[in-house]
Amino acid sequence: MLPSACKLRNTYAITPNAPFYQKTFGLSMCLESWHEKGLDRGTDLNKLFGFDQPGFHKVDQLGWCEAAFCPLFETRHIEYRDENHEVVQDSAGRHLLVFKGRLQGFMPEYLDHPVKDMKSWVEKVKWRLDPAAPGRFDSLEKRMAEAQLAEREGLMIQQNLIGGYMYLRSLIGPEPLLYAFYDIPDLIHDCMQSWFNLADAVIARHQQYVTIDEIFLAEDICYNHGALISPDTMKEFLLPYYQQLIANLKGRQLEAARHLYVQVDTDGLAGPVIDIYREAIGMDAMSPFEVASGCDVVAVAQQYPDLVISGGIDKRVLAQDLTAIDKHLDYILPYMHKRGGYIPTCDHGVPPEVPLENYLHYRKRCLEYN
């Protein structure tokens with residue numbers, strides 16, 4: 001078994017005092033700033049920051065922040081708003097207000113989403129989620145050969161997919177979705193049935209080759225005061241589809257005795273949904289515990305000793321002085337190392353305001369627990 005895989009598996013087993021699995025996360029926002037200030041673009045970041053080689057292998061193909069459309073929407077220019085801004089359609093069919101000629105590296109303004117009613121859903125979107133869409137499995141054999149090699153090396157096989165709330169939000173939009181739950185529930189269920197059909201079909205194909213160690217849902221269902229929808233709404237529109245998907249997955253495993261971990265990723269104040277996911281779908285792991293929204297990984301670890309935790313390092317503190325960073329890390333790292341089951345990462349993307357020397361200091365402190 002590769003050393004990185006062993007470290008990750010010890011983390012998932014919540015082994016007290018085990019070395020931290022050192023994982024890269026959220027560097028895309030700050031790298032350009034560091035390059036401009038002198039960091040060589042050819043630098044091996046894994047070596048510089050002490051990140052482990054991957055302990056998992058992703059099999060993907062089911063979206064993350066957007067649905068796994070096949071074919072994608074055409075990315076195209078729609079109009080210029082002024083000399084600096086334009087409106088574009090992205091590959092998920094949304095209309096975005098962006099800086100002229102740029103789609104990445106900042107948060108766009110979302111102006112429109114493709115699903116407004118049953119007609120627009122059926123005509124524009126639903127057929128793009130057909131599991132049998134031409135081209136959907138073109139790379140399957142190559143991807144599965146890579147996954148089988150990773151499995152032989154002991155890496156955890158991770159099935160990533162867009163979660164139901166994130167999926168619905170990308171189709172309908174954050175505010176219109178909240179009305180749609182009440183006004184057009186049949187549309188929401190039809191959207192979720194298509195989500196389930198695609199996910200179940202793709203995962204079933206993957207399971208012909210490998211045993212899945214973890215199903216990882218990109219959910220983003222929380223904001224700074226808790227969940228964006230009520231527990232009752234979750235129970236009606238999301239959880240039954242998750243439960244059936246996980247039951248089907250477990251029933252198809254090549255190695256039936258292997259534990260299937262369930263992880264949920266959500267920004268915002270995650271505490272109010274932890275019990276819901278644990279009770280409904282057996283959630284084993286959660287990330288990234290955004291501190292600005294009130295998340296405290298030490299408190300969560302104390303309340304849920306069997307929960308694998310990633311994140312919880314305050315990105316804002318990393319922009320302060322080294323004394324503040326040490327105080328923050330001294331609160332988190334010793335306890336989480338003693339407890340086990342923790343992967344130290346920033347609680348979201350590292351902002352450009354974080355100096356490289358501060359990030360290096362943070363990484364040095366994490367590596368003390370190797």
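1. Asp 220 sits in the loop between β7 (214–218) and β8 (222–223); helices (H or I, at least four residues) and strands (E, at least two) are DSSP runs, numbered from the N terminus. The model is predicted, so local features need pLDDT of at least 70 and side-chain atom pairs count only at pLDDT 80 or more, while totals for chains, interfaces and linings use all residues. Residues are numbered from 1 along each chain as its sequence is written, and side-chain values use heavy atoms, with hydrogens and water left out.

2. Asp 220 has a phi near 45°, a positive value in a residue other than glycine. Asp 220 is buried, with a relative accessible area of 15% (buried means under 20% relative accessible area, exposed over 50%, partly exposed in between, with a 1.4 Å probe and protein chains only). Most residues other than glycine have a negative phi, and most peptide bonds are trans.

3. Asn 17, not a glycine either, has a positive phi of about 65°. Asn 17 belongs to the loop between α1 (3–12) and α2 (28–36) and is partly exposed, at a relative accessible area of 48%.

4. Two cis peptide bonds deserve mention. One joins Cys 70 and Pro 71, with omega about 5°; Pro 71 lies in the loop between β1 (56–58) and β2 (76–80). Another runs from Ser 287 to Pro 288, with omega near -5°, and Pro 288 is part of strand β11.

5. Ser 293 is located in the loop between β11 (285–288) and α12 (297–303). Its relative accessible area of 10% makes Ser 293 buried. Apart from neighbours within four places in sequence, Ser 293 is in contact (heavy atoms within 4.5 Å) with Tyr 223, Asn 224, Gly 268 and Leu 269.

6. Ser 170 is in helix α6 (residues 164–172) and counts as buried at 5% relative accessibility. Not counting residues up to four places away in sequence, Ser 170 touches Cys 65, Glu 66, Ala 67, Arg 94, His 113, Pro 114 and Ile 162.

7. How do helices α13 and α14 pack, and at what angle? Helix α13 (residues 322–339) and helix α14 (residues 356–367) meet at about 30°, with axes 11 Å apart. Axes are lines fitted to C-alpha atoms, for helices over the stretch in contact, and angles run from 0 to 180 degrees between N-to-C directions. The angle makes α13 roughly parallel to α14 (angles under 35 degrees count as roughly parallel, over 145 as roughly antiparallel, 65 to 115 as roughly perpendicular and the rest as oblique). Residues making the contact include Leu 322 and Ile 325 of α13 and Asn 358 and His 361 of α14.
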